[in-house]
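The following paragraphs lead the reader through a single model. Please keep the sequence and the coordinates at hand while reading.

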Amino acid sequence: MKVAFLGTGLMGLPMAQRLLAADIQLVAYNRTPEKLAPLQAGGAEIATHPRQAIRAAECVILMLTNAPAIYNVLLSDTAWQTLKGRTIIQMGTITSTESREIRDAVVGGGGEYIEAPVLGSIPEAKAGKLIVMVGAEPEQYQRHLKLLQNFGTEPLLVGPVGTAAGLKLALNQLIASLTTSFALSLAFVQRQGVDVDVFMQILRDSSLYAPTFDKKLQRMLDGNFANPNFPTKHLLKDIELFISEAKSASLDLSSIKGVRQILQTAAKMSFADDDYSSLFAVIKEWGEAIGD
């Protein structure tokens, strides 16, 4: 089987490299051609237009920024006409509503569609240890399981299309909320004169602890948010998607709207392309500046 991989950014590149390492024939496309150089060096065929990649493959994996990018790359008039008989696996973060709408468009073009968003960042992508959540029919899941196992050892069938997309947004909401809460407590204990090592010792021994706290601790203490595994702007985008989708569920979104405001401020403070742990700088420095 030949696979087309569309979107080779921070996550897409190591994921595509996993396929090359498994000796899977790969044709790759990216809107920024320079990002394709490592794949070309690894033996991938390079497409200069999405339709060329789609025509050349039986299966098309999408790791694109958002739904508008998917519509532009996959569902333009010229690309849509090439979908017949092909399987589209959407692995980026979009809403359930968007995923179902894209499925309908793909099926309307004679193709097959499943969603398989992933949880994890660049280290997990390189190691093939991502958590893969699949929205598909059971038969589709079984048919594509071996391919998806290149990204994570135990891809999980969540339910039909839309359910995995929704689960991914729920988990990313947790990422943002947990990190914000940790950053606030860390800044607070520093203001109180509590030794950070003592704070972390108590936290690690409690049921409140989450491993992500230690992953972000040193960045926050050092104020070093460069070389991100997950940029602030991407988490902000996902939170916007979560809020948009959750409105229809009649949920109180007050808490996550506060987190969104902090992320928006981090982006405005020039941290958009830095690690999302930069929200600590907003809580500590921007809060101090405005006296709130």
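**Aromatic pairs and a helix contact**

Phe 182 and Phe 199 are both buried, where buried means under 20% relative accessible area, exposed over 50% and partly exposed in between, with a 1.4 Å probe and protein chains only. The model is a predicted one, in which local features need pLDDT of at least 70, side-chain atom pairs count only at pLDDT 80 or more, and totals for chains, interfaces and linings use all residues. Residues are numbered from 1 along each chain as its sequence is written, and side-chain values use heavy atoms, with hydrogens and water left out.

A pair of aromatic rings is described by the distance of the centres and the angle of the planes. The structure holds five aromatic pairs; rings of Phe, Tyr and Trp (its six-membered ring) pair if their centres lie within 6.5 Å, and planes under 30 degrees apart count as stacked, over 60 as edge-to-face and the rest as tilted. One of the five is the stacked pair of Phe 182 and Phe 199, at 6.2 Å centre to centre and 15 degrees between the planes. Phe 182 belongs to helix 9 (residues 163-191) and Phe 199 to helix 10 (residues 196-204), so the pair ties together parts that are 17 residues apart in sequence. Helices (H or I, at least four residues) and strands (E, at least two) are DSSP runs, numbered from the N terminus.

Tyr 209 and Phe 213 form an edge-to-face pair, with 6.2 Å between the centres and 80 degrees between the planes. Tyr 209 is partly exposed because its relative accessibility is 27%, whereas Phe 213, at 6%, is buried. Ring pairs join Phe 182, Phe 199, Tyr 209 and Phe 213 into a cluster.

Helix 9 also packs against helix 13 (residues 254-271), at an angle of about 75 degrees and with the axes 10 Å apart. Axes are lines fitted to C-alpha atoms, for helices over the stretch in contact, and angles run from 0 to 180 degrees between N-to-C directions. Helix 9 is therefore roughly perpendicular to helix 13, a term for angles of 65 to 115 degrees. In this contact (heavy atoms within 4.5 Å), Gln 173, Ala 176, Ser 177 and Thr 180 of helix 9 meet Ile 256, Val 259, Ile 262 and Leu 263 of helix 13.

Arg 191 also lies in helix 9 and is partly exposed, with a relative accessible area of 47%. Between Arg 191 and Ala 210, 19 residues apart in sequence, the C-alpha to C-alpha distance is 22 Å.

Technical notes: Angles under 35 degrees count as roughly parallel, over 145 as roughly antiparallel, 65 to 115 as roughly perpendicular and the rest as oblique.
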